[in-house]
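Please read them alongside the coordinates.

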Amino acid sequence: MKLHPQGPIVIAAGGTGGHLFPGQSLAQELKRRGRRIVLMTDERVQHFDRLFPGADIYAVPSATPTNRGFAGLVRAAPAIVSGIAQAFGILGRIEPSVVVGFGGYPTLPPLAAAILRGIPTCVHEQNAVLGRVNRLAAPFVHAIASTFAAPKFLRARDAGKLVVTGNPVRDAVIEQAGAPYAEPGAPEPLHLLVFGGSQGARVFADVVPGALALLPDHLKSRLEVVQQARPEDLERVRAAYERAGIRATLESFFDDMPARIARAHFVIGRSGASTVAELCVIGRPSILVPLPHSLDNDQKANAEKMQAAGAAWMIEQKDFSEAHLAARLTALLEDGAALARAAVAARAQGEPGAVRRLADLVEALGRGELHLLGSAARQEDDIQSPGPLLFAQGGC
């Protein structure tokens, strides 16, 4: 293993928020510790470079197999091989202390290049299911950081590398950690937040306005809705709320999503790992609608764990109709005590100290202190005041 303890730390993350936001969280913590950050991702990097201010950013080729068969891998192989070659050269020039992968096929070339160069490597798994790239890399990396103690598909031979750190959240989320939950009661407004992350927001545009229009008048008149919608859906969603007489604030992007989660009495969203982590750190009840075509049903596994903890209610997309959602919301919004209990349960699942545990693990790796990796995850953490607030959209 080639050690450059004072070298930059490379964060390799896929182009979606679910992978980038945990990487952003780690970058914020490491910068507070005086570390230089390098981001390696794919061509979508131009949309996310503001999440990593001051970092050196490299876009390397990659590709996601278009299907799960051998043919898909063959079609993706040229881009992946080209990416590995480019990443190999970049890593040779910058001599990093550690390369950390957060999942998604764009992380495969940097991780493979780092393994070939003998650079300390770590992957972080946000979900209850070990992702495909993390599964491929697990036998070769030095540590596997995880949100869960036993992610599905972790092989027994790799279990000794597992360090439970939790899923790191951004400074903007930690700033709202444990914000008091005001149990809703008549005649006060009911603050409902609806967002679909970086994928799958259309179903909320299709279903939620119609469902809210079906609510009893005594609930509908109290609603104050904040909804994220795709740009092409904004006008039809706005018109639907106007017809129903429901007050609504609509945008395609909210740059203060953690603060809006904290103000919400109830949230409707996807169950990507970042969304779940942010809901738990802040402590808000939710209906979670897993993305139905997520690989290995990782979003469904996340939602099931939240539901089992009493922190959320899961509705699969096949059941997510206007009538079904209206009936579920009517029962929930009329039971403020149930919402308050779910808020407490969500907060109990939160890991505001996860980013410090992950940063400790990464720095120990860079020093070659593999014997310290387990202790990095066992530290007791208190909520601390975050550093400078950086801005980003809520989770995926």
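1. Ser-146 has a relative accessibility of 0% and therefore counts as buried. Ser-146 sits in strand S6, which spans residues 143–146. Apart from residues up to four places away in sequence, Ser-146 touches His-124, Glu-125, Pro-151, Leu-162, Val-163, Val-164, Thr-165 and Gly-166. This is a predicted model, and the points below should be read accordingly.

2. S5 runs parallel to S4, and 3 bridges join the two strands. Within this pairing, Val-99 is opposite Thr-121 of S5.

3. Is Ser-62 buried or exposed? Its relative accessibility is 15%, and because the cut-off for buried is under 20%, Ser-62 counts as buried. Ser-62 belongs to the loop between strand S3 (56–59) and helix H2 (70–94). Leaving out neighbours within four places in sequence, the contacts of Ser-62 are Ala-79, Ile-80, Tyr-105, Pro-106 and Pro-109. Tyr-105 also takes part through its backbone oxygen, which the side chain of Ser-62 reaches at 2.8 Å. The C-alpha atoms of Ser-62 and Gly-83 are 5.7 Å apart, although 21 residues separate the two in sequence.

4. The backbone has some points to check. Most residues other than glycine have a negative phi, and most peptide bonds are trans. Glu-95, in the loop between H2 and strand S4 (98–101), has a positive phi near 50 degrees. Phe-153, in the loop between S6 and strand S7 (162–164), has a positive phi near 80 degrees. Glu-95 has a relative accessible area of 42% and is therefore partly exposed; Phe-153, at 36%, is likewise partly exposed. The peptide bond joining Ala-186 and Pro-187 is cis, with omega at about 5 degrees. Pro-187 lies in the loop between helix H5 (171–174) and S8.

5. An open sheet is formed by 6 strands in the order S10-S9-S8-S11-S12-S13, with parallel pairing. Its edge strands are S10 (247–251) and S13 (312–314), each of which pairs on one side only. Direction ignored, neighbouring strands of this sheet are turned by 15 degrees against each other on average. Inside the sheet, S8 (residues 190–195) pairs with S9 (residues 223–228) over 5 bridges in the parallel sense. Val-194 has Gln-227 in S9 as its bridge partner. Helix H8, residues 234–244, lies across S9 and S10 and runs at about 175 degrees to S10.

6. Which residues have the most contacts inside the largest nonpolar core? They are Leu-212, Ile-268, Phe-320 and Leu-325, in a core of 36 residues. At least two residues of this core come from each of S8, helix H6 (202–213), S9, H8, strand S11 (266–269), helix H12 (322–333) and helix H13 (336–348). H6 supplies the largest share, 7 residues. Leu-212, not counting residues up to four places away in sequence, touches Leu-192, Lys-220, Leu-223, Val-225, Tyr-241, Ile-246 and Leu-329. There is also a second, separate core of 29 residues, including Val-169, Met-257, Leu-279 and Leu-288. In soluble globular proteins, nonpolar side chains tend to be buried together.

7. Some totals for the chain follow. The protein chain has 15 helices and 13 strands. It has 396 residues, of which 57% count as buried. Its accessible surface comes to about 15,700 Å², and 54% of that belongs to carbon and sulfur atoms. Among contacts in the chain with a separation of 6 or more, 68% are between residues 24 or more positions apart.

Terms used
Residues numbered from 1 in each chain as written. Predicted model: local features only at pLDDT ≥ 70, side-chain atom pairs only at ≥ 80, totals over all residues. Heavy atoms only, no water. Pairing = 2+ DSSP bridges. Helix = DSSP H or I, 4+ residues; strand = E, 2+ residues; numbered from the N terminus. Axes fitted to C-alpha atoms, helices over the stretch in contact; angles between N-to-C directions. Contact = heavy atoms within 4.5 Å. Buried < 20%, exposed > 50% of the residue type's maximum accessible area, 1.4 Å probe, protein only. Areas by Shrake-Rupley, 256 points an atom, 1.4 Å probe, with all protein chains shown as cover. Core = buried A, V, L, I, M, F, W, Y, C linked by side-chain atoms within 4.5 Å. Polar contact = N/O pair within 3.5 Å; in protein donor to acceptor, adjacent residues only side chain to side chain.
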